[in-house]
Amino acid sequence: MTDGVPDECGSPMFVAAAAGTHQLLAFRFPSIAGVPALDGNRRLFAAATERLGNRGAVVDAEWIGFLHTLGGELSRAEYHFSRFNEVLSVMRRRRTVAGGPVFADPEPARAVYCEAVAHLAAIRTFVDIAVYMAARRLGLDGRRAEDWQASQAIGRDPLPDRYAHSPEIGALRRHSAWFAQLNTYRNCMNHRGWHPNSFGYFERADTAPESGDPLANVMLVPDLRSLAGGSRPGTWTYEDRTWLDQLLGELGAGFDAVLDALFDIWGIPIPEAARIPYAEQPGVFLTVPAARPIKGQEPPVIYVFTSKFAVRAFIEKLRRNGLEIAYRLRALRPTRLKANEEVYLLGYDFNLFGPKASVQVIEHSDGQPRMAASLQVEPQHAGDFAQSRIEFKLPGTLTGTVYVLDGPDPGGQRRDQGP
């Protein structure tokens, strides 16, 4: 395997696709080193797929968009939290190898900090979207919903009247202390800077003097009270000796409680467990065109064109012979899933082509379409169209992108037949 690409893939899985005009080839590459696996947003995405939830005054399409957007922010938060822990684990092991007591490892130290910043930013963005969605669920138009601000709705006392009837705002205000902590540290990191030159990692129990120095210890967090009023780094204090992983753990537990409250208000159910273990689920998807025959040709033929010039010449020749063609062109690129072998894959409809198919490869020569090869292929039948396919190779020196006439139906009708 090189750079996350396998030397050889197993047999790909085919997943049913709607409308019968194309299908998805689904397979799985090995995990990329340093990129965490993500499986934490299934609840929102499952609700979007099933069109579930208490959408209030929000129309269906906007509701589905909200759920997908919120799911994306959960994925982002999860990704950066996973990266934070992975890099932190590496830095801990490196300290064990290097010894101590004073330890400087600036590259992963900076990476740990950056992942923490991104994690808190994603959580805050989720809250901002939830507040906007609360306004839309009450029927406010987009302009007025944009005026709803999380810092006012959650952190201001007394509560402004315009937020009083929103169940989401009520739920978020019950976690106002959590929000204040999240917002303060997120603003501190994003807007005023923090640890520009932190060099290392120290355990909380470490007694080395440098463990209390924020320039030496990336894990040391400023005291919350010292960040009030938008203060700058020169006035921050570190008396509480709060560590960065401790802070993220506390804020994460509070976020879980917020999610439970919001999901209950929105009617977002807990989805059933996945039938396929996450490690075995496909992670890469390729749209496979479904070739269509030209009407009136017996036996039916699948035409594959080596260039767009060949397509135009072929269609023009049919029109000169009185056959009108309505078609959509699809590019088809080779896959190399099996021992780096170039193979072309097409969706195959047994109802249109029967049990056997002929593939004719058409190229452009001297302004005319010319048949470069005729291939007999054996369709792989799996019970229905959505799981049926053919594969073929181009002969000789022909390589690269080819083109097929894609669905729903290229048609084919003589001009003298009428509509």
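**Entry 1: helix 7 and helix 8**

I began with helix 7 and helix 8, whose axes come within 10 Å and cross at roughly 130 degrees. Here axes are lines fitted to C-alpha atoms, for helices over the stretch in contact, and angles run from 0 to 180 degrees between N-to-C directions. I noted that helices (H or I, at least four residues) and strands (E, at least two) are DSSP runs, numbered from the N terminus. The model is predicted: local features need pLDDT of at least 70, side-chain atom pairs count only at pLDDT 80 or more, and totals for chains, interfaces and linings use all residues. Residues are numbered from 1 along each chain as its sequence is written, and side-chain values use heavy atoms, with hydrogens and water left out.

Helix 7 and helix 8 are therefore oblique to each other. By the rule, angles under 35 degrees count as roughly parallel, over 145 as roughly antiparallel, 65 to 115 as roughly perpendicular and the rest as oblique. I recorded the crossing of helix 7 with helix 8 as left-handed; the term applies if the near helix is turned anticlockwise from the far one by less than a right angle, and right-handed applies if clockwise.

I then listed the residues that make the contact (heavy atoms within 4.5 Å). Helix 7 contributes W178, Q181, L182, Y185 and M189, while helix 8 contributes L244, L247, E250, L251, G254, F255 and V258. By class, I found nine nonpolar, two polar and one charged residues in this contact. Ala, Val, Leu, Ile, Met, Phe, Trp, Tyr, Cys and Pro count as nonpolar, Asp, Glu, Lys and Arg as charged, and the others, Gly among them, as polar.

**Entry 2: helix 3 and helix 7**

Next I looked up helix 3 (residues 106–137) and helix 7 (residues 176–192), whose axes come within 9 Å and cross at roughly 130 degrees. That angle makes helix 3 oblique to helix 7. The crossing of these two helices is left-handed.

On the side of helix 3, the contact is made by Y113, A116, V117, L120, A121, I123, R124 and V127. On the side of helix 7, I wrote down W178, F179, L182, N183, Y185, R186, M189 and N190. The classes in this contact are twelve nonpolar, two polar and two charged residues.

**Entry 3: aromatic pairs**

How many aromatic pairs does the count come to? I recorded ten. Rings of Phe, Tyr and Trp (its six-membered ring) pair if their centres lie within 6.5 Å; planes under 30 degrees apart count as stacked, over 60 as edge-to-face and the rest as tilted.

Y344 lies in strand 10 (residues 341–347) and F392 in strand 13 (residues 389–392), 48 residues apart. Y344 is buried at a relative accessible area of 2%, and F392 is buried at 4%.

Returning to F126 and F255, I noted that ring pairs link them with W178 into a cluster.

**Entry 4: single residues**

Is H119 buried or exposed? H119, a residue of helix 3, counts as buried at 6% relative accessibility. Leaving aside neighbours within four places in sequence, I found H119 in contact with A77, H80, F81 and L248.

A118, also placed in helix 3, counts as buried at 17% relative accessibility. With neighbours within four places again left aside, A118 is in contact with R76 and H80. A118 and N190 are 72 residues apart in sequence and 9.0 Å apart in space, C-alpha to C-alpha.

A145 belongs to helix 4 (residues 142–146) and is buried, with a relative accessible area of 0%. Beyond neighbours within four places in sequence, A145 is in contact with Y132, A135, R136 and L140.

**Entry 5: the whole protein**

Finally, I noted ten helices and 15 strands in the protein. Buried residues make up 45% of its 419 residues.

Notes. Buried means under 20% relative accessible area, exposed over 50%, partly exposed in between (1.4 Å probe, protein chains only).
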